[in-house]
Amino acid sequence: MELLKTVVLGIVEGLTEWLPISSTGHMILVDEFIKLDVSKSFMDMFLVVIQLGAILAVVVLNFEKLNPFSSWKSSWEKRDTWQLWYKVILACVPAAVIGLLFNKFMEEHFMTAPVVAATLIFYGVMFLVVETYNKRRTPRVREIERLDYKTAFIIGLFQVLSLVPGTSRSGATILGGILFGTSRYVAAEFTFFLAIPVMFGASLLKMVKFGWHYTGSEILILVVGMATAFVVSILSIKFLLRYIKNNDFKAFGWYRIVLGIIVVLYLYFVGDPVQG
């Protein structure tokens with residue numbers, strides 16, 4: 001039964017990590033109904049480390065594109081790959097700095113269902129507004145190789161917004177990319193690459209904080225959760241990249257608004273699942 005619960009959590013992580021609908025918001029709600037029989041400290045760590053499975057999906061799907069040592073690439077292609085990594089690292093700096101400084105404060109004051117409900121609705125509305133505004137514009141960056149350092153850093157600033165639960169890291173950076181001239185495809189693709197150092201760093205910090213002493217069942221839960229998130233992430237990434245070639249993000253905006261309203265109703269009739 002515990003492994004079945006873990007598979008469900010892995011599916012939710014793999015679906016919601018890459019779609020701009022907030023994985024944290026969904027995990028908070030799912031955890032209210034599907035509770036693993038583990039300690040709170042392990043669960044806090046698990047909900048972050050399970051993201052490594054999702055990250056491995058990005059690496060596998062884009063290994064050649066992200067590999068600057070590939071023997072198949074020309075010298076200028078290798079140079080472009082290094083440039084892409086420099087832009088990713090630059091864009092990660094704002095969230096890394098703010099996250100390290102205020103992570104504890106965020107966990108203590110913002111990890112609540114009311115905050116999740118508010119951010120789900122707010123950024124859902126923002127997707128509708130931005131996409132309506134964006135219809136009158138032509139993207140100036142249609143290929144990720146054309147993404148300049150300034151725009152990459154600005155997208156990184158938007159990533160800081162995702163430190164508030166319910167915002168969605170991919171949602172915040174995609175909105176930032178679209179607002180500052182990238183195509184939907186480039187914004188989504190750069191968002192995927194940004195996640196690699198961010199999630200590896202966050203997972204390492206959580207594992208160090210938890211310690212390196214795991215029971216056999218805890219190791220099994222971690223492995224099953226990450227493996228499930230990996231498989232589902234591959235499917236959801238492929239779906240999103242196909243979807244945005246011919247569609248905008250308004251459907252995700254409406255989904256966020258509806259989910260946010262459901263959370264508000266849940267709070268009214270049941271109470272805050274996080275605060276107990």
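**Group meeting: salt bridges, cores and a surface patch**

Okay, starting with a pair of neighbours: Asp80 and Arg79 make a salt bridge, and their closest N and O atoms sit 3.4 Å apart. By salt bridge I mean a side-chain nitrogen of Lys or Arg within 4 Å of a carboxyl oxygen of Asp or Glu. Asp80 is partly exposed at 26% relative accessibility, and Arg79 is partly exposed too, at 49%. The cut-offs: buried is under 20% relative accessible area, exposed is over 50%, partly exposed is in between, with a 1.4 Å probe and protein chains only.

Quick housekeeping. This is a predicted model, so local features need pLDDT of at least 70 and side-chain atom pairs pLDDT 80 or more, while totals for chains, interfaces and linings use all residues. Numbering runs from 1 along each chain as its sequence is written, and side-chain values use heavy atoms, with hydrogens and water left out.

Back to the charges. The whole structure has 6 salt bridges. Another one joins Lys40 to Asp44, with 3.0 Å between the closest N and O atoms. Why do Lys40 and Asp44 sit about one helical turn apart? Because they are 4 residues apart in helix α3. Helices here are DSSP runs of H or I, at least four residues, numbered from the N terminus. Lys40 is exposed at 63%; Asp44 is partly exposed at 33%.

Now the inside. A nonpolar core is a set of buried Ala, Val, Leu, Ile, Met, Phe, Trp, Tyr and Cys residues joined through side-chain atoms within 4.5 Å. In the largest one, 40 residues, the members touching the most others are Trp18, Phe190, Phe192, Phe193 and Phe249. Its largest share, 10 residues, comes from α10. Apart from that core lies another of 16 residues, including Met27, Met45, Val49 and Leu52.

Last stop, the surface. Val93, Val97, Leu101, Phe102 and Phe105 make a nonpolar patch of about 460 Å². Patch residues have over 30% relative accessible area and no salt bridge; nonpolar side chains (Val, Leu, Ile, Met, Phe, Trp, Tyr) are joined within 5 Å, like charges within 9 Å. Areas are Shrake-Rupley with a 1.4 Å probe, and for residues only the protein chains shown count as cover. Phe102 belongs to helix α6 (residues 75-109) and is partly exposed at 40%.

Terms used. Helix = DSSP H or I, 4+ residues; strand = E, 2+ residues; numbered from the N terminus.
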